[in-house]
Amino acid sequence: MPYVDCGTLYDGTDEFIEDARIVIEDGRVSAVGPIEDVPEPEDGERIDHTGAVVIPGLVDTHIHLGGSREMDPFTRIAEHDRTALKAARGTVDLNTLIQAGFTTVRDVSSDIGLGLRDAVAEGEIPGPRIYTSGKGFSQTAGHGDSHYLPYRWIESEDDPNVVDGPTECRRGTRRRIRQGVDLIKISSTGGVLSEKDEPHHSQFTAEEIRAFTQEAHRVDIPVAAHAQGAPGIKNALENGVDTIEHGIYLDEEAIELFHETDGVMVPTLAIVERICEHGEDHGIPPWGMRKAHEVREAHLESTRWAYEEGVTIAAGTDFIGPELVPHGENAMELEIYVEDVGMDPVDALHTATGAAKTTIPDDDVGTLTEGDHADIVALSDDPRDDISVVREGIEAVYKGGEPIAE
Ligand SMILES: [Zn+2]
């Protein structure tokens, strides 16, 4: 039975413990605590991280496993049917993610996430535990519609992601459930990277949103809504949505609703920063650049406000795979929380561990308490002194107690 001796342990829920021990049985934590309280198991194999700060495997709650390498929307459309190419790149991305300490990810819309999830679960390829929505839903002319394509191409999709009216929303959700998704993703507002809508535009009616949430909740899976403007954020929370992705423009009622509904906010500040700083060199169209600059300050302001008001915040980057937003650099989100939002480093760490598990149907990842998966990251230095160690100081990663090879 292996056990890990830690210089310092943060278990994702509470205070830091000096000189801690984690005992692992069948890939899960069977005992954890200060070394004096946790005896070494007989014939146990000791793993020495007494020089490290040990934290739970990280969770990125908002990525896209689409195997993309370009931000330019037309390149991505041209690759629409090149599933094998995308899956091969996605396989590489998964290895990069787990090397970077991300042992769980939530894929909130992609066309290959289901296959990748199952390949990882079968042990065929290395990678994080994947929770995926499959393809996310949008209304016609909504954030997930491709506004520049002939509409008949959109209509002729075998497995449409553009749906209108409660009946289509309900059937769409049931189709995803039939495919075996772990959550449902919808867009309840416009966005930055959709041509003919704006972040403040509301999308889907209350009845349509209720159709998604009723069907998903009947099978105990959550609903995530891309929601940027206050009316669309409130429409989502009022009608059963569990997580608000982006949350750019909050108002007082929205903050109240987060508290009333136990809603979780996934800000995704990293992609907005990357687009504003470097988007022009990476194929972001002019309308995307304009909107990214327009929302940036309000986005930081809303995240600060939500943090001060005690709204649950889960870390998500919206990283997609191209050089502008590459998998592997995802811990950048925590650096922005500390440096630009003013978050305490321990709270920032909590967004990618204990708080992150609130966005998925299981509760045995993101923390290292008894019974959880033994997903473990050893850091060279203390993230309380410098949060960038989460990105730059990874010494070892374990998934289910097994070391991840470089
Ligand atoms: Zn996204």
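In the predicted model, the C-alpha centres of domain 1 and domain 2 are separated by 31 Å. According to the domain assignment, domain 1 is made up of two segments, 2–56 and 366–403, while domain 2 spans residues 58–330. Contact between the two domains, taken as C-beta atoms within 7 Å, involves seven residues of domain 1 and nine residues of domain 2. On the side of domain 1 that touches domain 2, the largest share is contributed by strand S14 (residues 394–399), which supplies three residues. By residue class, this side of domain 1 comprises three nonpolar residues, one polar residue and three charged residues.

The strand pairing around S14 was examined next. Strand S14 is paired with strand S13 (residues 376–379) in the antiparallel sense, and four bridges connect the two. Within this pairing, Ile394 of S14 is found opposite Leu379. Strand S14 is also joined to strand S15 (residues 402–403) by two bridges, and this pair likewise runs antiparallel. Here Lys399 has Glu402 of S15 as its bridge partner.

Technical notes:
Residues are numbered from 1 along each chain as its sequence is written. This is a predicted model: local features need pLDDT of at least 70, side-chain atom pairs count only at pLDDT 80 or more; totals for chains, interfaces and linings use all residues. Domain bounds come from an automatic or database domain assignment. Ala, Val, Leu, Ile, Met, Phe, Trp, Tyr, Cys and Pro count as nonpolar, Asp, Glu, Lys and Arg as charged, and the others, Gly among them, as polar. Two strands pair if DSSP finds at least two bridges between them.
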